[in-house]
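Colleague: I'm new to reading protein models. Could you walk me through a few features, one at a time?

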Number of protein chains: 2
Amino acid sequence: MTTFDLVLVGFGNVARRFVSLLEERRAMLERDHELAVRIIGIVTKRHGRMFSLAGVDAIDAASGLENGARLNQSMSSATASDDGSSVDFVQRVVNAARDRASRGELVVVETTTLDIEHGQPAIDHVRAALSGGAHVITANKGPAAFAHRTLTQMAADADRRFLFEGAVMDGIPVFNLVRETLPAVTISAFRGIVNTTTNYILTAMERGSSFDDALADMQSQGIAEADPSLDVDGWDAAAKTAILANVLLGASITPHHVEREGIGPTTAARATAARAAGSRLKLVARGERHGSGIDARVGLEELAGEDLLAGIEGKQNAIVLATDVLDEIAVVQRGGSLTHTAYALVTDLVTIAGDVKNCRATSESLASTPARRIR
Amino acid sequence: MTTFDLVLVGFGNVARRFVSLLEERRAMLERDHELAVRIIGIVTKRHGRMFSLAGVDAIDAASGLENGARLNQSMSSATASDDGSSVDFVQRVVNAARDRASRGELVVVETTTLDIEHGQPAIDHVRAALSGGAHVITANKGPAAFAHRTLTQMAADADRRFLFEGAVMDGIPVFNLVRETLPAVTISAFRGIVNTTTNYILTAMERGSSFDDALADMQSQGIAEADPSLDVDGWDAAAKTAILANVLLGASITPHHVEREGIGPTTAARATAARAAGSRLKLVARGERHGSGIDARVGLEELAGEDLLAGIEGKQNAIVLATDVLDEIAVVQRGGSLTHTAYALVTDLVTIAGDVKNCRATSESLASTPARRIR
């Protein structure tokens, strides 16, 4: 059993659900993945921070926050004083836990909200973590959308993981799928429906809802942001498109390089007209190799009724990968929730634990089977 | 770089495409997976066999077979005489290559055709290989459909792999997806469209084709068997359902435990009526946990038009997994071919090479980073 020490950077809904999910799955994680966790630090933007190498009670802290309390337990001014930025906090905590970091058993969990201008300070959180020898797992789109190549290289140089399975399709595996199950396949293009709020609004408008009512519905379900412009102006989809292009097609772009279109009240007429004609209006994310470059865009498209993406309604998401040897492969997410996103972080943690587990299995195998040559 | 020695049991279209695909992808496999291959033995049912520890020329042998020649090159009567069963051949070749087997560098590639009665002699090929310390990769549905639990246990005891990614969805990852990318998720049920011939015939009949014409079309494309009863009577789908139930739901069933229905000329009327009513008639494979047991069946179902499976037309396949924490996830195969199935074998080979590569990375890491504790 390996115990991983976790530092939570951001402690909103996703991080809190992650913490409760770890508790719910504790037995399974221990049994199947030889993985135990201890949370040693939490930092928030407005609700304080807490740190203890002996571990903090994150579930208790979450209830406290929900009752209006601040985080302020077990603070040591030397390592994590209440002043200083969140980036400073990460540096100090990682440094305080450097013996664990050196063993590969420290993980920074980045769940702050997306900054669509520069992806900050999330990128700096990731840098601080990797520089100190911690792994990073994140559900924040910023780091991979703005700095995928740099951060991936930093992680490789440090022999640590930088994982973000939850950034695009919540817990539905996309990056793991490509990394672990499609060896010797080249992906030439992708297209997909990756933003839940706009897809839900389009589906509702086809059926006669107004834009405002459908948006209010998404907000009341906690899916759209209070400021919905990230969703409806296509920025969320553009950030996901940048990540997909960076990871699957080897691009090095940001969301600002993605050609972008959003939806609004006037989209309703196009959506109903398309449906009446047997096709469907969808906000489609696309990326494609194009000579030496990459074309990436988010835009409204009228899809023929038999197109797989035309049938992706409401809160479903889907990505279709075009490959050289397997034609097209589609992965469809049939439901989304906070739990999905939180689960993605659990998946990433298990990936890290798997590295350690494989190491141990190998070292035992090396010890017990001298005849087995490891070249 | 690790060189794996391969023994091909069965040398039909899939195995021949596998051999040419290995050649086409040689540089990528060496560069990205540190994987090289040498084919040391081939055994067929009616066209002879060949064996040489120094390697045989499988591409030349394939052209020979296509020109009516038999395999008879480099035979040594001590190890692989032309008499004796294919199971004997596997035993003898694995024994002759036992030093490679002991290093985990011998792989038996089983691609004989499905025996729907008992899954034989494929199961015995797998047993002989694992007993001798070889890994097994197979595109044959028999072993996992009839003896999954036993063979998986044998492989685990021998510290070898028994992989069959190509048995259900060709090269589209299903088992790798679940094994590598869905940790800490419990699958409670699956449903899917897994037989190409029947799905193509149903789609064609909806559009006015006769059963016989559509079937002839599939036969001329080399997709349906010359004796199509395995497809149209639902046996192929039942074998895949048994595998999915055995692997994903922990069942221990055979195709004969799967409730089964097929299609025929009289199905046309139902298919056109369903389509006229806005739904679609599909041959659906299902498995579900049910109290302490597993319900598994293949049957015609009228699916509502908005059902994802209703949109799976022609030669597409799809599987929808019901999970506890991620709701439903669907994987859709948008095209199928011989190359897909052959590629699945390449994927399995890369999985085996990955074990060795991880070992080496770890042993280097152990050597160079004493501070990194591997517990």
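Colleague: Keep in mind that this is a predicted model. Let me begin with one residue: in which loop does A:Asp159 lie?

Modeller: To place a residue, look for the elements on either side. A:Asp159 sits in the loop of chain A between α8 (142–158) and β6 (162–163).

Colleague: What is the phi of A:Asp159 near?

Modeller: Phi of A:Asp159 is near 55°, a positive value in a residue other than glycine.

Colleague: And how is A:Asp159 classed by its accessible area?

Modeller: Partly exposed lies between under 20% for buried and over 50% for exposed. A:Asp159 has a relative accessible area of 42%, so it counts as partly exposed.

Colleague: Where in chain B is B:Asp327, and what is its phi near?

Modeller: B:Asp327 belongs to the loop between β11 (317–323) and β12 (328–333) of chain B. Its phi is positive too, near 50°, and at 36% relative accessibility B:Asp327 is partly exposed.

Colleague: Which peptide bond in chain A is cis?

Modeller: Look at omega. The bond from A:Gln120 to A:Pro121 is cis, with omega near 0°. A:Pro121 is in the loop between β4 (106–110) and α7 (122–131) of chain A. In chain B, a cis bond joins B:Gln120 and B:Pro121, with omega about 0°.

Definitions and conventions
Residues are numbered from 1 along each chain as its sequence is written. Chains are lettered from A and ligands numbered from 1 in the order in which they are written. This is a predicted model: local features need pLDDT of at least 70, side-chain atom pairs count only at pLDDT 80 or more; totals for chains, interfaces and linings use all residues. Side-chain values use heavy atoms; hydrogens and water are left out. Helices (H or I, at least four residues) and strands (E, at least two) are DSSP runs, numbered from the N terminus. Buried means under 20% relative accessible area, exposed over 50%, partly exposed in between (1.4 Å probe, protein chains only).
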